[in-house]
2 protein chains.
Amino acid sequence: MATDRDSVLEAAVGVLSRRPTAHLDEIARAAGISRATLHRIFPGREALIREVGALGLRRFSTALDVAQVEQGSAEAALRRLVDAVVPDAALCAFLAGENQLYDDPEINDLWELQDARVRALFLRGQQEGTFRVELSAGWLSEAFFDLVAGIGWAVQEGRLAPRESAFSLAELFLDGALRRPDTP
Amino acid sequence: MATDRDSVLEAAVGVLSRRPTAHLDEIARAAGISRATLHRIFPGREALIREVGALGLRRFSTALDVAQVEQGSAEAALRRLVDAVVPDAALCAFLAGENQLYDDPEINDLWELQDARVRALFLRGQQEGTFRVELSAGWLSEAFFDLVAGIGWAVQEGRLAPRESAFSLAELFLDGALRRPDTP
DNA sequence: CCAGAGTGAGACACAAACGTCTCATCTGCG
DNA sequence: CGCAGATGAGACGTTTGTGTCTCACTCTGG
């Protein structure tokens, strides 16, 4: 059952995002199964890592879908994306930390696809005048992902309340840290 | 000689920030020395990692010093900090990715010290009205570090030009991604 | 109650990385 | 030239994680 697989993968993320070198033993215990069963589901460590990455990318992809990032104003689209992606921030944190994943061409291609959608969103926003043009769309895309990953880590470590996370992300990314006098 | 040690550590960062599980063999080759000599300088892998972390924290600490983050307006202080920390962004990226480092109480204490200085900067900025108060000083501190680490990765992978990095970081963090109509 | 599938616990061999050692080579200096 | 110190190359044993296997147990459906 795919549900079972996914639940194991979610447990794996909880461990791996904190300690990428965690033993399979530890991951199995975190998932509430034995190492033997873990091996029955995933052929080996490499496959497990790859599946976790693939899950993260699928989640990110559906987040882009449900947020309808290609529709409406770029700012509203980004705010929708923030709301949609925050629940899966831990998976994104894993994706950000596991550069080794991108050695796999399949994973890499999938990532390029999603990244292109995000870059396109920023490019569109720049063309319609809502996003600043002094900052490249590539950097905006990268920084956005960095902050999502940061949210994932911070929430997981208990340094940030989950309820605040979407607000904190959107506000900082869009408006910055500087307080500005009310400009009506 | 400490200089020699540091040059090895810098080479180690170049490898480890990309692939934290890199073999000592690889690190030694990147540093231009043999595995035997690497073992002569550092007792083992654990010690090496710890020393890299300590170097990163020392650099971050001196960046806080040379930026004089406790002096002048909080915004100007942060801009100085950005300029001072960007050259060592790769080391910060390593610090961000290696959560395991903070198991060592010495490293952890040193980190707490630096983090407290950054949080104090944001707190001061909030009190003097330059930083937004809707975002907690803790989150601002965390997000700032996330972006510094992101800069480190992006520059290392060639996705961001080093010359742009300080500007990109300061502008996005302080003013956000949204373009705003000129507000004189 | 029984049969069968699925699971957990443990044993075992294998591979890889690590830490240590030895020895040949190179370099700088008297 | 000769010597001392440092380095590189390589071999060796050890440790650790992994992958595979077996066996006993449990749970479910007939």
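Guide: Let us begin with a definition: a residue is near a molecule or strand if one of its heavy atoms lies within 4 Å of it. This is a predicted model, in which local features need pLDDT of at least 70 and side-chain atom pairs count only at pLDDT 80 or more, while totals for chains, interfaces and linings use all residues. Residues are numbered from 1 along each chain as its sequence is written, chains are lettered from A and ligands numbered from 1 in the order in which they are written, and side-chain values use heavy atoms, with hydrogens and water left out.

Visitor: Of the atoms of DNA strand C within 4 Å of the protein, what percentage belongs to sugar or phosphate?

Guide: The atoms of DNA strand C within 4 Å of the protein belong either to sugar or phosphate, or to bases. The sugar or phosphate part is 58%.

Visitor: How many residues surround DNA strand C?

Guide: The closest residues come from both chains: Ser34(A), Thr37(A), His23(B), His39(B) and Arg45(B). The number of residues surrounding DNA strand C is 14.

Visitor: Which residue has a side-chain N or O atom 3.3 Å from a base oxygen of DNA strand C?

Guide: A polar contact is a pair of N or O atoms within 3.5 Å; within protein, one must be able to donate a hydrogen and the other to accept it, and residues adjacent in sequence count only if both atoms are side-chain atoms. Phosphate oxygens of DNA strand C lie 3.1 Å from a polar side-chain atom of Ser34(A) and 2.9 Å from a side-chain N or O atom of Arg45(B). The residue at 3.3 Å from a base oxygen is Arg40(A).

Visitor: Which element gives the largest share of the surface near DNA strand C?

Guide: Helices (H or I, at least four residues) and strands (E, at least two) are DSSP runs, numbered from the N terminus. The largest share of this surface is 4 residues, and the element that supplies it is H3(A).

Visitor: Turning to DNA strand D, which element gives the most to the surface near it?

Guide: Helix H3 (35-41) of chain A and helix H3 (35-41) of chain B each supply at least two residues of that surface. In total, 13 residues surround DNA strand D, the closest being His23(A), His39(A), Arg45(A), Ser34(B) and Thr37(B). The element that gives the most, with 4 residues, is H3(B).

Visitor: Why are the two copies said to be related as by a two-fold rotation axis?

Guide: Copies are superposed by least squares on the C-alpha atoms of residues with pLDDT of at least 70 in both. Chain A falls on chain B with an RMSD of 0.1 Å and a shift along the axis of 0.0 Å. The two copies are thus related as by a two-fold axis, and the rotation is 180°.

Visitor: Which residue of chain A has the C-alpha nearest the axis?

Guide: That C-alpha lies 1.9 Å from the axis, and the residue is Gly176(A).

Visitor: Is Glu171(A) buried or exposed?

Guide: Glu171(A) meets Arg79(A) in a salt bridge (3.6 Å, N to O), that is, a side-chain nitrogen of Lys or Arg within 4 Å of a carboxyl oxygen of Asp or Glu. The pair links helix H9 (residues 162-175) and helix H5 (residues 74-85) of chain A, 92 residues apart. Buried means under 20% relative accessible area, exposed over 50%, and partly exposed in between (1.4 Å probe, protein chains only). At 14%, Glu171(A) is buried.

Visitor: How many residues apart in sequence are the parts that Glu10(B) and Arg59(B) tie together?

Guide: The side chains of Glu10(B) and Arg59(B) meet in a salt bridge (2.8 Å, N to O). Glu10(B) lies in helix H1 (residues 2-16) and Arg59(B) in helix H4 (residues 45-66) of chain B, so the parts they tie together are apart by 49 residues.
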